[in-house]
Amino acid sequence: MRTWRDVARYHLVMPWAILLIPWAILAVSFIVNLVIFSLAPVGHHEVLTSQGLVQVANAAHNYTGGVASIYILFFAIGTSIVGRSLPFALTLGVSRRSYYAGSAALGVALAVADGLALAALQAIERSTDGWGAQMHFFQVPYVLAGPWYLTWLTSSVALALLFVYGMWFGIVYRRWNLVGAAAFTAAQLAVVLAAVLLVASANAWSSVGHFFTGLTAAGLTGLLAGMAALLLAGGHATIRRATV
Amino acid sequence: MTPPISVTGLTRRYRDHLALDQVSLEVEAGSIVGLLGRNGAGKTTLLRILAGQEFPSAGSVLVHGEPPVENEAVLRRMVFVREDQIYPDVRVRHVLRAASWFYPHWSAELADALLADFDLPPNRAVKKLSRGMRSALGIVIGLAARAEVTMFDEPYAGLDAVARQIFYDRLLADYAEHPRTILLSTHLIDEAAGLLERVVVIDRGRIVLTADADDLRGVATAVSGPVLAVDEFTAGHAVWGRRRLAGQASVVVVGPLDQADQLRASSLHLDLAPLSLQQLVVQAAGQPADTLERTSA
């Protein structure tokens, strides 16, 4: 456990690199979107109600998707944590096992903290009528549209998933270089393709469709958590073979 | 007592070549051992396997009596900074701070003193250091860690003569105060010769010579003079490489020469010149292993 803590400290020796960069990029994306929304307000249409004609904002046009940048950054940090920082950690006498555990623990802790921050920002967004510009930056239809605790949970799980996926990718790249990373990607595509063929051959598209339409955000979160656990195990099995 | 390093039948095979071939080696506690050999001889691979960074294909590697791979109890008692060490994207002082967390005997004072000796700017990003400065950083970590097994892989690539002298002086001074086992791979053999207590020569993945550095002084002698006289003198001696030019010949005689040999040489008007460590390694790296085993016995 002590080593885990030291590994986390090792990653945070220059703290802003991991803690702030995702938020800096998110902030840039947020500001750009906010400027655009202020300049070009969301389209409206008029609806005839008992009070006469009422202006209603066009739904589905005020979502930015800008919050995706922080998820992408988590993937990138996951890859660099292995690619750049593993060799020196091994030089410092850390075992691959503790390095992986400590790094993953740090990633999960960051995901939980940043997930909470995303939930808080979403709450602010709701209470300020979309930052005064009817902008839905931290709200994503269906996925991040529930109560704050569900947003916290779903964001944290998704961030952790991408972090762990990035780590696995980084390990494969570290050990087998570009060819390995390409093969790894190809293998994942093959798994997807196999699943598609399986569904198609079983003529099961309608049940798959029902499964997804019936899936709640909480159910989706559970699914993502399961995937994250699988990826975590995959990375663990791979790092044992990593050399530097 | 368990030797700090014990290697038996170590083989490392890569797809198309044999990096290490049946290497066996034992290093005693509290000595400075030079690991010498040509580029690609297998020095770095051996050190990486000892440090648990690479895996053996066959054979056994014990550090402090235990396999080093994934064994933190052993790994924390050794330090190995590679020649081409990859560092995270941080500054020099961050690297040293991180190192201080992991090595139980880390000396911050020594690290600071070495930083000053090598003129290393603590606030500079590691990726902006020059080749020589990166080597110096590796030396600072290797020495300040005060690990029981300290391994340097070609530690002074890109270092100027002054900095190399600082390294030798600091290494010896700290070694005297805090004895440990030091394994040093190098190309600059004669320069480091005064430092080394034992010498291991590795060539094409095989250990071709293991000896005390003192025993090697005078173990081979270049004999030169007229061809006939040289031939007469060397009859019955093991020899390496024979060179002829006009009526003159030069032959390396293996094995110590006794007083009678010396007298005979002078009566034949032959020149005798003991081979330096570097010349010896050059010779050793070109020989089939069995001729050398005879000499080290």
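In which handedness of crossing does H6(A) pass H10(A)? Let's walk through that helix pair, then turn to a sheet in chain B.

## About the model

This is a predicted model, in which local features need pLDDT of at least 70, side-chain atom pairs count only at pLDDT 80 or more, and totals for chains, interfaces and linings use all residues. Residues are numbered from 1 along each chain as its sequence is written, while chains are lettered from A and ligands numbered from 1 in the order in which they are written.

## Two helices in chain A

H6(A) passes H10(A) in a right-handed crossing (the near helix is turned clockwise from the far one by less than a right angle). Helix H6 covers residues 96-127 and helix H10 residues 217-239 of chain A; they pack at about 150°, with axes 9 Å apart. That angle makes H6(A) roughly antiparallel to H10(A) (over 145 degrees).

On the H6(A) side, A:Arg96, A:Tyr100 and A:Ala104 meet A:Leu232, A:Gly235, A:His236 and A:Ile239 of H10(A) (contact means C-beta atoms, placed from the backbone, within 7 Å). These contact residues divide into 4 nonpolar, 2 polar and 1 charged, with Gly counted as polar.

## A sheet in chain B

Chain B has an open sheet of 4 strands, ordered E11-E12-E10-E13 with antiparallel pairing (strands pair if DSSP finds at least two bridges between them). Strands E11 (238-245) and E13 (271-274) each have a single partner, so one side of each lacks a neighbour in the sheet. Ignoring direction, neighbouring strands are turned by 20° against each other on average.

E11(B) runs antiparallel to E12(B) (residues 248-254), joined by 7 bridges. B:Val239 has B:Val253 in E12(B) as its bridge partner.

Conventions. Axes are lines fitted to C-alpha atoms, for helices over the stretch in contact, and angles run from 0 to 180 degrees between N-to-C directions. Angles under 35 degrees count as roughly parallel, over 145 as roughly antiparallel, 65 to 115 as roughly perpendicular and the rest as oblique. Two residues are in contact if their C-beta atoms, placed from the backbone, lie within 7 Å.
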